[in-house]
Amino acid sequence: MKNTLAISAVVFTFGFVMLPVVWGDDDFRWGEMEEYKHRTNNVSEVTNPVYKEECGSCHMAYPPGLLPARSWNKVMLELENHFGDNAELDAETHPPITDYLLNNSADKSDYRRSKKFNRSINLDDVPVRISETPYFKHEHDEIPSRYVIANPKVNSFSQCDVCHAKAEQGSFNEHNVSIPGYGHWDD
Amino acid sequence: MKNHILITLLLTNIPLSTAQAESTAVKNLLQDYAMQGAATADTEQGRQLWKKTYNKNGERSCASCHTNDLTRNGKHIKTNKDIEPMSPLVNPERLTDRKKVNKWFKRNCKWTLGRECTAQEKSNFLVFIAQSSKF
């Protein structure tokens, strides 16, 4: 009898008191986490394995939220001459990569920095270089040429991850910037 | 009698060690290329092709990105991206996936030579990469 009572008490406590608390708490935290991610993570993280494999073997897998859909579309239609080189994809990998890029592009993303990229681009423009978008230029205009272009360890603005350690995770936060040969950058 | 054992050992071990250097994928690929008209694959020819500089897309050779030592990391000369070693001796993932090998032959022959490689060239490259560690 004592045992039955004890078991009932435990079941009651978990079923009617604890579970709603856990669920409620969980719901609340998920909501908060999502919001937090959007606030601090600048653009969405690169997650697509086909994109990572096919495009990320030769260069950094650029987060799709750095260009609008019309730009990605142009890039994907011109792979035969991809910035001077052939980067053709076969019929099996081309469609899923295009879908991934278009669905997560800057104009479809609600990540903070993606929105900034998108807003900066004139609706008539179809930039294919991330480094030529107005927002990118604005964010990098104070960096002296010796830090990047004339820096043999960096060479150009195209390899984000050389200075932005968390670029593929979608974070371009200034605190994570470290320029090879110069260290932390703070403007 | 001793000699017999030695010869038997040698005879059984030579094909064995070759088999270890060449994965199933490599064997299948060599068969594919033979079907497409390639004669016996030649490691030395592969080595020469690897070192050769082609001018179609500016001066490029396989070694430009993959270096002359296939057991070491390479670096993409245009994007600076690190490339894992090509040699299966240090990078066991290499040459294990037929589809992947064909994909990269297509991509990189166009990038480096400015055209697709012939079946013979691919055979030669393949045995060179499979067997070589250093120049």
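The structure described here is a predicted model, in which local features need pLDDT of at least 70 and side-chain atom pairs count only at pLDDT 80 or more, while totals for chains, interfaces and linings use all residues. Residues are numbered from 1 along each chain as its sequence is written, and chains are lettered from A and ligands numbered from 1 in the order in which they are written.

Chain A has seven helices and two strands, where helices (H or I, at least four residues) and strands (E, at least two) are DSSP runs numbered from the N terminus. Along the sequence, the pattern of chain A reads α-α-α-α-α-α-α-β-β. Of its 187 residues, 22% count as buried; a residue is buried if 20 or more other C-beta atoms, placed from the backbone, lie within 10 Å of its own.

Two helices of chain A illustrate the angle classes. The axes of α2(A) (residues 49-56) and α4(A) (residues 94-103) come within 9 Å and cross at roughly 105°, the axes being lines fitted to C-alpha atoms over the stretch in contact, with angles from 0 to 180 degrees between N-to-C directions. α2(A) and α4(A) are therefore roughly perpendicular to each other. Val50(A), Tyr51(A), Glu54(A) and Cys55(A) of α2(A) meet Pro96(A), Ile97(A) and Tyr100(A) of α4(A); two residues are in contact if their C-beta atoms lie within 7 Å. The residues of this contact comprise six nonpolar, no polar and one charged, with Ala, Val, Leu, Ile, Met, Phe, Trp, Tyr, Cys and Pro counted as nonpolar, Asp, Glu, Lys and Arg as charged, and the others, Gly among them, as polar.

In helix α5(A) (residues 112-120), the buried residues are Arg113(A), Ser114(A), Phe117(A) and Asn118(A). Because they cover an arc of only 140° around the axis, they lie on the same side of α5(A). These buried residues pack against α6(A) (134-140).

Attention now turns to chain B. Leaving aside neighbours within four places in sequence, Leu126(B) is in contact with Val26(B), Leu29(B), Leu30(B) and Ala41(B).

How values were computed. Buried ≥ 20, exposed ≤ 12 C-beta atoms within 10 Å, placed from the backbone. Arc of directions from axis to C-beta. Parallel < 35°, antiparallel > 145°, perpendicular 65-115°, else oblique.
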